Amino acid sequence: MTTTDPGTGAYVSIDDLTVQLDDGVLSVTLNRPDSLNSLTPEMLDGVAQTLDRAADDPAVKVVRLGGAGRGFSSGASISEEDQTKKAEIGINAVLDATNRAVRAIVSVPKPVVAVVQGPAAGVGASLALASDVVMASEKAFFMLAFTKIGLMPDGGASALFAAAVGRIRTMRMALLAERISAAEAFDWGLVTAVYPAGEFDGEVDKVLATLKSGPVVALRKTKQAINATTLTELEGALGRETEWQLALLSAHDFREGARAFRERRSPSFTDH
């Protein structure tokens, strides 16, 4: 899989991921609106490969990371079809793809603006929090829903959220799996700004224009300096989350949690 044309080097879209470079703005759009942009390994690999390419592309001034339709991303898909595909390629490969996407967002030396117009849950929330500017519509909400299906946060969430809002609020989100509204997320410092839905696209365009015309070197060094200071635990978090999530994914509680979610009932967890 590639997100560039081998003949021209131009960015290209892949299934469920739309990529477009226009006047300095590289738009990377998660495009599975029927499932609130639930994430597949191919989409995550596409995000990573696109941003790795953008890192050395002087035509890219700023990255816009968004979702199609009414949501940013509902997180990793747990549909039976997608679970079968994950089993075929290996769960470790799925987690590796997640980690590559998060690392690419954090390390690309261009500002990344997450455009969250609706739900950002699970790994989707991790992708948003890995970004440098998180803009939210009043209709947005954030949720670390992993424990509802017998899992733990991954995609660096244990570091990204703690760096943004601290230990206690991260524990609240991760242990209780509560939905955090856009207004509350702003009060906590989880997002950069919140706007009325009718004004949201225009405000996003203003931020993109500001970053696109900004001093390239100064923006790059600013991002690197702040991330170096605040995300010191990210690599450790990615390693721990991968190791422990692999164990949880093979346990009874996850199978029961995923089945209960699909059947729209409360799960019965029994693991000790």
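Student: How much space lies in the second largest pocket, and how is a pocket defined?

Tutor: On a 1 Å grid over the protein atoms alone, a pocket is an open set of points with protein on both sides within 12 Å along at least five of seven lines, whereas a cavity is a set where a 1.4 Å probe fits but cannot get out; lining residues have an atom within 4 Å of a point. Grid points are joined across faces, edges and corners, and the volume is the space filled by probe spheres set on the points. Here the second largest pocket holds about 480 Å³. This is a predicted model, in which local features need pLDDT of at least 70 and side-chain atom pairs count only at pLDDT 80 or more, while totals for chains, interfaces and linings use all residues. Residues are numbered from 1 along each chain as its sequence is written, and side-chain values use heavy atoms, with hydrogens and water left out.

Student: Which residues lie nearest the centre of the second largest pocket, and which elements give two or more residues to its lining?

Tutor: Of its 23 lining residues, S131, D132, V133, I226 and N227 lie nearest the centre. Helices (H or I, at least four residues) and strands (E, at least two) are DSSP runs, numbered from the N terminus. Helix 4 (123-130), strand 6 (133-137), helix 5 and helix 9 (216-230) each give two or more residues to this lining, and helix 9 gives the most, with six. For classes, Ala, Val, Leu, Ile, Met, Phe, Trp, Tyr, Cys and Pro count as nonpolar, Asp, Glu, Lys and Arg as charged, and the others, Gly among them, as polar. The lining of the second largest pocket then has 15 nonpolar, six polar and two charged residues.

Student: What is the volume of the largest pocket, and what lines it?

Tutor: The largest pocket holds about 1,100 Å³. Its lining has 39 residues, with S74, A76, I78, I149 and F261 nearest the centre. Among the elements that give two or more residues are helix 2 (80-89), strand 5 (119-121) and helix 11 (252-262). Helix 11 has the largest share, five residues. By class, this lining has 20 nonpolar, eleven polar and eight charged residues.

Student: How is a pair of packed helices described?

Tutor: By the angle between their axes and the distance between the axes. Axes are lines fitted to C-alpha atoms, for helices over the stretch in contact, and angles run from 0 to 180 degrees between N-to-C directions. Helix 1 (residues 41-55) and helix 3 have axes that come within 8 Å and cross at roughly 30°. Angles under 35 degrees count as roughly parallel, over 145 as roughly antiparallel, 65 to 115 as roughly perpendicular and the rest as oblique. Helix 1 and helix 3 are therefore roughly parallel.

Student: Which residues of helix 1 and helix 3 meet?

Tutor: Contact means heavy atoms within 4.5 Å. P41, L44, D45, V47, A48, L51 and D52 of helix 1 meet V94, A97, T98, R100, A101, A104 and I105 of helix 3. By class, ten are nonpolar, one polar and three charged.

Student: At what angle do helix 5 and helix 6 pack?

Tutor: Helix 5 (residues 157-165) and helix 6 (residues 167-176) pack at about 130°, with axes 7 Å apart. That makes helix 5 oblique to helix 6. F161, A162 and V165 of helix 5 make the contact with R167, R169, T170 and M173 of helix 6.
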